[in-house]
Amino acid sequence: MSTAPDPLADDELPDAAPRPPWEEFAAAPLVPVAVAVTLGLVVDRFIGVASVIGLSVAVGGVVGWVIFRKQPWALAWLWVSCGGLAAFYHHAHRNEFPPTDVARFARPEPVILKVRGTLADDPFTRRANTTDPLAPARRGDVDVTTLDLTEVETTAGWEACTGRVRLYVDRDDPSSPPLNGLRVGDGVQAVGRFHVPESPGNPGERDQRSDYLDRGWRGDLRVNDTSAAVVRLDAGGWGVQQTLGWVRNRSSAALDGSLGSAQAPVGKALLLGDTVALDRAEWDAYARTGVLHVLAISGQHLVLLAGFVWLVLHALGVRRPHAAWVVAAVVFGYALLTGLRPSALRAAVMVAAVCGAIVLRRPVNTANSFALAWLAVVGVNPTWAFEMGCQVSFTSVFVTFWKTMYLRWQNADSP
């Protein structure tokens, strides 16, 4: 009597002999690339490198590799090239803007501007802080979104205008949806006070201008009356952003209906990354108890999701390579749905690397996948490398991997 073959047995990954962590990282080809890229970002951030210099270093590194490619140290030229390219990318992303940029209208005091543009994300409502005795008593709720500018009205008529501004709109109807139902992709016309944040005036004060440069925002556009000052010009079509926004809105509504008003804000924060649903008192309570990190979509959320999907597919008898494709797609989809934060992108890339190893029947190189995740994060936004949350996320994972690899190697050598 024959038994049915196990559909998973012939797809097992080959086992690699445990190595000490320093050898694992030294043998990973992407680790020196990640180090070179990081050095390039740091040099431009704290010293400043003109774009032409960064690009020249990148080109010079490639030329050096071509000339000396037969030498054992030829790869060092490519690492130099990666560092120069990273410095050029960071400088261009943060400091270079076209002549049509809206910042040309900036003045020491707010300026009234009438602009047209496209909503870059779905609006949300920021509730007034009622717990802070120093907060302005008459400041109410505001709707917040990001506006990609296309035109600005001047004395000569409408002119082309570029740049991204943070749009703040005072709510005129507490029962209405944010910005009266406008959504990502909609073309709008708005009139408000444009202002660029000032540099910090005191030592240790938060540098809001630097934060805006990191996020690609050129300033604030504050609007007092929604109905009079924000007008929809055209409805956005259906694309990736619109689809993700629709899924988020439907999921948020489902959580509201199933959890109720008391638990829904926590559910939205845990599952959708919608932390604005929590009021200030709830947010402070999580901060005081030291569990604030569970409310931010991070690597632990994606790893738990990947593990759950993998177990379900395994129980259904799905072959490992096919299951790996499904897990990678689900994890990346969830990372996009929740805003593609640095820690989520890191976890998604590392999960995808493991899934790729399963599909290709190759051993998993932990150090290489870690470096690949870092390169992916700074490739999406080079300024993320200087955010505290991103640094803590990668540092904690690095320490965990290093300790795990060290213990595996030590246990393998013990009799």
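Predicted model: local features only at pLDDT ≥ 70, side-chain atom pairs only at ≥ 80, totals over all residues.

Two strands are said to pair if DSSP finds at least two bridges between them.

**Strand E7 and its partners**

Which way do E5 and E7 run relative to each other, parallel or antiparallel? They run parallel, and five bridges join them. One example of this pairing is valine 169, whose bridge partner in E7 is valine 223. E7 also pairs with E6, this time in the antiparallel sense, over three bridges. Here arginine 193 stands opposite arginine 222 of E7.

How enclosed is strand E7, which covers residues 219-223? Buried means under 20% relative accessible area. Four of the five residues of E7 are buried, so the strand is largely enclosed by the rest of the structure.

**Two residues with positive phi**

Most residues other than glycine have a negative phi. Asparagine 180, though not a glycine, has a positive phi of about 55 degrees. You will find asparagine 180 in the loop between strand E5 (164-170) and strand E6 (187-195). Leucine 340 has a positive phi too, near 50 degrees. Its place is the loop between helix H10 (320-337) and H11.

**Helices H9 and H11**

The axes of helix H9 (residues 299-315) and helix H11 (residues 342-360) come within 8 Å and cross at roughly 30 degrees. The crossing is right-handed. On the H9 side, the contact is made by Gly299, Leu302, Ala306 and Trp310. H11 contributes Ser343, Ala344, Arg346, Ala347, Ala348, Val351 and Ile358. By type, the residues of this contact divide into eight nonpolar, two polar and one charged.

**Cysteines and accessibility**

How many disulfides does a search of the whole structure find? The search finds zero.

| Residue | Relative accessibility | Class |
|---|---|---|
| Cysteine 161 | 2% | buried |
| Cysteine 390 | 2% | buried |
| Asparagine 180 | 43% | partly exposed |

Why do these classes apply? Buried means under 20% relative accessible area, exposed means over 50%, and partly exposed lies in between. At 2%, cysteine 161 therefore counts as buried, and so does cysteine 390 at 2%. Asparagine 180, at 43%, counts as partly exposed.

Note on methods. Residues numbered from 1 in each chain as written. Heavy atoms only, no water. Disulfide = S-S within 2.5 Å. Buried < 20%, exposed > 50% of the residue type's maximum accessible area, 1.4 Å probe, protein only. Axes fitted to C-alpha atoms, helices over the stretch in contact; angles between N-to-C directions. Left-handed = near helix turned anticlockwise from the far one by under 90°. Contact = heavy atoms within 4.5 Å. Nonpolar A, V, L, I, M, F, W, Y, C, P; charged D, E, K, R; others polar.
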